Amino acid sequence: MNLVLRQIRPATVEEWDATWRNCDYATYFHSREWAQIWRNYLPGKISPAPLLITFSDGKQAVLPLSVQKRLKGWIDVYMSSLAGTYGGWISCDRLETAHANLLSQYLSTQFKNLIWRANPYAPLANPNFQLNKQEDETHAIQLSDRFDTICKHWTKGHLSAARKAKNAGVTIRLANNLEDWLTYYRLYEATLKRWGDKASTRYDWRLFEQIFQCHSPHIKLWLATYENVIVAGALCFYAKSHAVYWHGAALEEYFHLRPVNLLMYEAISDACSHGFAWFDFNPSGGHEGVKAFKKSFGTQVLPCPIIEHQSVPV
């Protein structure tokens, strides 16, 4: 019997959460928490619209979609990838090629306006049929070895820089209150000023406030301090087996102390000790210098193309 989609309906909160918690290839960006952050950050503009897909063989998948209102509410754009992050389906069942083909076909044909970045960790999640596809990649470390073994694949410069930062008195800790997050945002503002027009994204304080207000065990804001001054930070998100460095900022006048190298050292070590399978540096937004920095950690290059189709330009 040919496999078909038997039922498509809105996913409940419980179904979404349970599938996300138990899916081996889910990232934080597939979580209901991430969708709620963006709903609260852009009230009235973005709303979660998750779907539960049931196949004729009884297997199920959740599509963690959100819908964004554009052109003064006249156009609905379905976003499988909020803020350009990984999208696509998640499932607790073992899906085969036939399931992936049906899901890809459904996503590509049932929504007039869709934005979808393929999840590089999901088996069979990179569609091979013709769509408006923009090739992209991420850099990630597979954490199957001990941390001291993983470090051997880094350039000598990273390890020496981390030691230099520690010897100079730089310390690493987690943000634990709103003032820490506000200070980190001021670092981000300084970083934006330094990047100027080269910055590929710009977020205002309300987004970071929403992330802080989650008080989530799946979110860690790592901070580097020197003489009681926060000089750099790295915002990381965590799912079942995936840790990702999503956002970072640093004060230029402290670059010589190499705080970012020590931040990465501690964040990756922490991911290893907690049993995560991957530490992901996230796509680089076209910045070659950022990409080179990530490559020097001995990362793997994983494809994560963006699939986008629109009924009208929006």
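In this predicted model, C92 sits in the loop that runs between strand 6 (75-79) and helix 3 (97-109). C92 is partly exposed, its relative accessible area being 47%. Once neighbours within four places in sequence are set aside, C92 is in contact with A18, T19 and N22. Another residue of interest here is A26, which is 66 residues from C92 in sequence, while the two C-alpha atoms are 9.8 Å apart in space.

Other cysteines can be considered for disulfide bonding. The count of disulfides comes to 0. A disulfide requires two cysteine sulfur atoms within 2.5 Å. For C214, the closest cysteine sulfur is that of C236, and at 16 Å it is too far for a bond. C236 is in no disulfide either, as the nearest cysteine sulfur, in C272, is 13 Å away. C214 is partly exposed, with a relative accessible area of 27%, whereas C236 is buried at 0%.

| Residue | Relative accessible area | Class |
|---|---|---|
| C92 | 47% | partly exposed |
| C214 | 27% | partly exposed |
| Q68 | 15% | buried |
| C236 | 0% | buried |

Q68 belongs to strand 5 (residues 66-70). Q68 counts as buried because its relative accessible area is 15%, and the cut-off for buried is under 20%. Not counting residues up to four places away in sequence, Q68 touches K45, I46, I75, D76, V77 and M79.

The largest nonpolar core has 106 residues. Those that touch the most other members are W89, W181, F208, F237, I268 and F279. Strand 12 (residues 229-238) gives the most to this core, contributing 8 residues. The contacts of F237, leaving aside neighbours within four places in sequence, are Y28, F29, W34, I211, H218, I219, H242, A243, V244 and W246.

The last topic is helix packing. Two packed helices are described by the angle between their axes and the distance between the axes. Helix 5 (residues 156-168) packs with helix 8 (residues 259-273) at an angle of about 105 degrees, and their axes are 8 Å apart. The two helices, helix 5 and helix 8, are therefore roughly perpendicular to each other. On the helix 5 side the contact is made by H158, L159, A161, A162, A165 and K166, and on the helix 8 side by P259, N261, L262, Y265 and E266. Sorted by class, this contact has 7 nonpolar, 2 polar and 2 charged residues.

Key:
Residues numbered from 1 in each chain as written. Predicted model: local features only at pLDDT ≥ 70, side-chain atom pairs only at ≥ 80, totals over all residues. Heavy atoms only, no water. Axes fitted to C-alpha atoms, helices over the stretch in contact; angles between N-to-C directions. Helix = DSSP H or I, 4+ residues; strand = E, 2+ residues; numbered from the N terminus. Parallel < 35°, antiparallel > 145°, perpendicular 65-115°, else oblique. Contact = heavy atoms within 4.5 Å. Nonpolar A, V, L, I, M, F, W, Y, C, P; charged D, E, K, R; others polar. Core = buried A, V, L, I, M, F, W, Y, C linked by side-chain atoms within 4.5 Å. Buried < 20%, exposed > 50% of the residue type's maximum accessible area, 1.4 Å probe, protein only.
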